[in-house]
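Here is a short note to read with the model open beside you. Please follow the points in order.

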Amino acid sequence: METSPDARNTAPTAPEAEVGTLERKTRGARAELSKVLADLAQAQAQLDGHHVQLLLQANEQLVIDAVRSRTMAESAAQLVTELTRSSELDVLTGLPNRVLLFDRFTQALTHAKRRDSRLALLFLDLDQFKQINDTQGHPVGDAVLRAVGHTLNACVREVDTVCRMGGDEFVLLLAEVANVADAGLVAEKLVASLAQLTTVEGVAVHVSASIGIAVYPDDGADVERLTDCADQAMYRSKRAGGNCYRFFTAHDSHADPALPGKPRDAGDSQLLEANQNLVLSAMAASAVAEQKELLLKDLQHAATNKDEFLSVLGHELRNPLAPLVTTLDVMRLRAGGHETVEHSTMRRHLGHLMRLVGDLQDVAKIATGKVDLRLAVVQISDVATEAIAMARPLLEQRQQRFSFNEAPQPMTCRGDPVRLEQCIANLLINAAKYTPPGGTISLTTRQDGAHAVITVKDNGRGISAEALPDVFNLFFQERGEAQLRDAGLGVGLALVRSLVGLHAGSVGARSDGVGLGSEFTIRLPLLAAEDAEPLQAGASALDEAALTPRRRILIVDDNYDAADSLALLLRLYGHDVWVATHPVAALQMVATATPDLALLDIGLPGMDGYELARRIRQQYPELRVAMVALSGYGRAVDFENSTAAGFDAHLVKPVQIDELEHVVRTVHFTPPA
């Protein structure tokens, strides 16, 4: 059948069909590429900004951690190297010890045998070293040993080894010697160099040595034999008068034991070994003592830093307390000398807080039981009542049943009422912490002969028999206590023991075991009836104020609240008061106020209180003004600094009203000496 021409023209040829297929594939590839590009753009958008920053930070952290790990690894390797090195060195001289010498000796012998060469061993013992130790003392003796070690090192090559065997004995290993005479030349150099040691640490000394020489392979083929030969030759030098050297000879092996020197029988060898062990033990003990001394110095330094920190902390805590205390005094004076229950509660707790701040500034004295007490005649019932008031909020919060069994007869002792209140309150608060809610706590006071007995008993968690002897130790906590809420730091009971001891009393603890409650008992010596003088009610603050002459007072303090409240209090006393919060303003105010009493804060900005006092004296030499320092610091050195700067008195913040009134009434201008 024959195809028409039109049909032939419309039918695609093979190349055209292939081109069409390629075009379709191209369009598909373009669409796929567009999709990939869109996905890439979306991924880039997601990685922009925060995600990129996170990846960068993570990468940086990885790099930092890698560097840190490498540094730690290098430090650890260096530490291992240092420890290994220190274990092979003599503590006193820094020279190789017996262990390192034996190792090097063994290596040198192996090398000499392989190369068929010689090595020499020199045994050196100082002459009359005991006399130096006895006459000049051990510190000089140690210095001589260090100087000898340095001198010996300077006389030999780097390949040689100088070792201190112990005491005043040294060993020198000459790794390679061409001939026997070379060892003798080294020995002559050693004798001459030691003779030049005439002064050590400013002390005149005479140093000489006896030296014995043994040579491999002439005198022996192993470490023990060569050491023994050199030792015998050294004693022949001793018998020759010292300050010389001798080579080992066969005669040394048959030396007369009766001659001065070292006998050579087996028993005496054991004695020598025992003596050397004793010397090594003494050296080890000396090293331990030195390390202990260094550790003690570090602890003392840390304790000094701690005390300084607590002193600064106490100063910073006193500043906000000062206006609070003064404001309470102002409120009491405005009420005619009477206080409400609320104000009395605030004063009681502020007083307790101030004493605790004082403890911070002198924590070392608390730890050693050297706390200053303000002794007075004290009624046990009064301090017990105050302690109950301090602990009652916690007792009520935990809904615990509390009872107070007071002694029927009055009991009086001599003590610091605040400290005694603190002791009883600590026991009550401690009992409340370790007694579950709803538990029972009791406080009992009774008389037992010449003592007052104060007992705090609870039915709480109790104390194990193992922990009971340690409950009064500083920072002690029985296992599991640290997990209890408000368990504290383990200071309260230690403080109770310290304070009760200062009152010539004792405190003890008793418990039948964990879960069976505990009982703490304080015993205090009572005053005899004739010594228990009744407390006399003093005159009120307003009555004393009426007896105080009116004064012109300048207050300089950069704490506005403290300055204003103190000025308000003094004005209620009837005094004329001026306030300055900057030392420059205070200097200008002196000219117009002409005060006769100046209360100057020490920690002023720009110019401290010491400098301000000096400038007032210099600029106003005719002004008869008494100077009183105000400071949050109350150490002995602070009082001394105030006196040296020309102050007439030193008050510690927050100032108590009775101390302030006493100063205002009694401190007057004193002409400089």
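The points below cover a sheet and a pair of helices in this predicted model.

1. **The sheet.** Start with the strands. Strands of a sheet pair through backbone hydrogen bonds, either parallel or antiparallel. Here five strands form an open sheet in the order 2-3-1-6-7. The pairing is mixed.

2. Which strands stand at the edges? They are strand 2 (161–166) and strand 7 (244–247). Each has a single partner strand, so one side of each lacks a neighbour in the sheet. From one strand to the next, the twist averages 20°.

3. **Strands 2 and 3.** Strand 3 covers residues 169–177 and runs antiparallel to strand 2. Five bridges join the two. Look for Gly166: opposite this residue stands Glu169 in strand 3.

4. **A helix on the sheet.** Helix 6 (residues 138–154) packs on the sheet. Helix 6 touches strand 1 (118–126), strand 2 and strand 3. The directions of helix 6 and strand 3 make an angle of about 10°.

5. **Two helices crossing.** Two packed helices are described by the angle between their axes and the distance between the axes. Take helix 12 (residues 380–397) and helix 13 (residues 417–433). Their axes come within 8 Å and cross at roughly 35°. The crossing is right-handed.

6. **What meets there.** Helix 12 contributes residues including Val383, Ile388, Met390 and Leu394. From helix 13 come, among them, Leu420, Ile424, Leu428 and Lys433. By class, this contact has 15 nonpolar and three charged residues, with no polar ones.

Notes. Residues numbered from 1 in each chain as written. Predicted model: local features only at pLDDT ≥ 70, side-chain atom pairs only at ≥ 80, totals over all residues. Heavy atoms only, no water. Axes fitted to C-alpha atoms, helices over the stretch in contact; angles between N-to-C directions. Helix = DSSP H or I, 4+ residues; strand = E, 2+ residues; numbered from the N terminus. Left-handed = near helix turned anticlockwise from the far one by under 90°. Contact = heavy atoms within 4.5 Å. Nonpolar A, V, L, I, M, F, W, Y, C, P; charged D, E, K, R; others polar. Pairing = 2+ DSSP bridges.
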